[in-house]
Amino acid sequence: VKQSINPDIKFFRMLINRVDKRTTVCQVLMKEIRQRFGHEQVFKTEVPINTAVQQAEYAKETVNRWDRHSSAAKAYRTLAKEVVSILNGD
């Protein structure tokens with residue numbers, strides 16, 4: 001994106017989503033991502049794999065409107081708080 005569309009874009013953090021901690025491969029990949037890029041370059045919040053996200057996409061809704069009690073909706077709210085905290089320098 002930086003090379004072809006927007007040379008002024010800046011990297012903020014990496015988000016790990018569609019997380020399924022029940023699988024070994026997911027656990028290994030998350031560990032490798034954090035080791036390779038460093039904990040400061042990856043959000044602490046992880047968004048779990050969740051059917052509510054797919055249902056919300058199909059319904060053309062946000063997951064927070066579709067099922068605000070789903071684990072993915074809760075994770076996105078936590079992510080929003082994390083972003084605000086980072087921007088505030090907390």
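R34 and E46 join their side chains in a salt bridge, at 3.0 Å from N to O (a side-chain nitrogen of Lys or Arg within 4 Å of a carboxyl oxygen of Asp or Glu). This pair links distant parts of the chain: R34 sits in helix α1 and E46 in strand β2, 12 residues apart. The model is predicted, so local features need pLDDT of at least 70, side-chain atom pairs count only at pLDDT 80 or more, and totals for chains, interfaces and linings use all residues. Residues are numbered from 1 along each chain as its sequence is written, and side-chain values use heavy atoms, with hydrogens and water left out.

**The salt bridges**

- The structure holds four salt bridges.
- Salt bridges with shared partners bring K21, R34 and E46 into one network.
- E40 pairs with R13, with 3.9 Å from N to O.
- E40 lies in the loop between α1 (24–37) and β2 (42–48), while R13 lies in the segment before β1 (14–19), so this pair ties together parts that are 27 residues apart in sequence.
- Helices (H or I, at least four residues) and strands (E, at least two) are DSSP runs, numbered from the N terminus.
- D20 and R22 form another salt bridge, and their closest N and O atoms are 2.8 Å apart.

- Buried means under 20% relative accessible area, exposed means over 50%, and partly exposed lies in between (1.4 Å probe, protein chains only).
- R34 is buried, at 14% relative accessible area.
- D20 also counts as buried, at 17% relative accessibility.
- E40 is exposed, with 58% relative accessibility.
- R13 is partly exposed, at 22%.

**Helix α4**

- Helix α4 covers residues 71–87, which makes 17 residues.
- At 1.5 Å a residue, α4 should span 24 Å, and its end C-alpha atoms are 24 Å apart, which agrees.
- The expected span of a helix is 1.5 Å times one less than its number of residues.
- Buried residues in α4 include A72, A73, A75, L79 and E82.
- What covers the buried residues of α4 includes strands β1 and β2, along with helices α2 (51–58) and α3 (63–66).
- Contact here means heavy atoms within 4.5 Å.
- After α4 comes G89, which has a positive phi near 75°.
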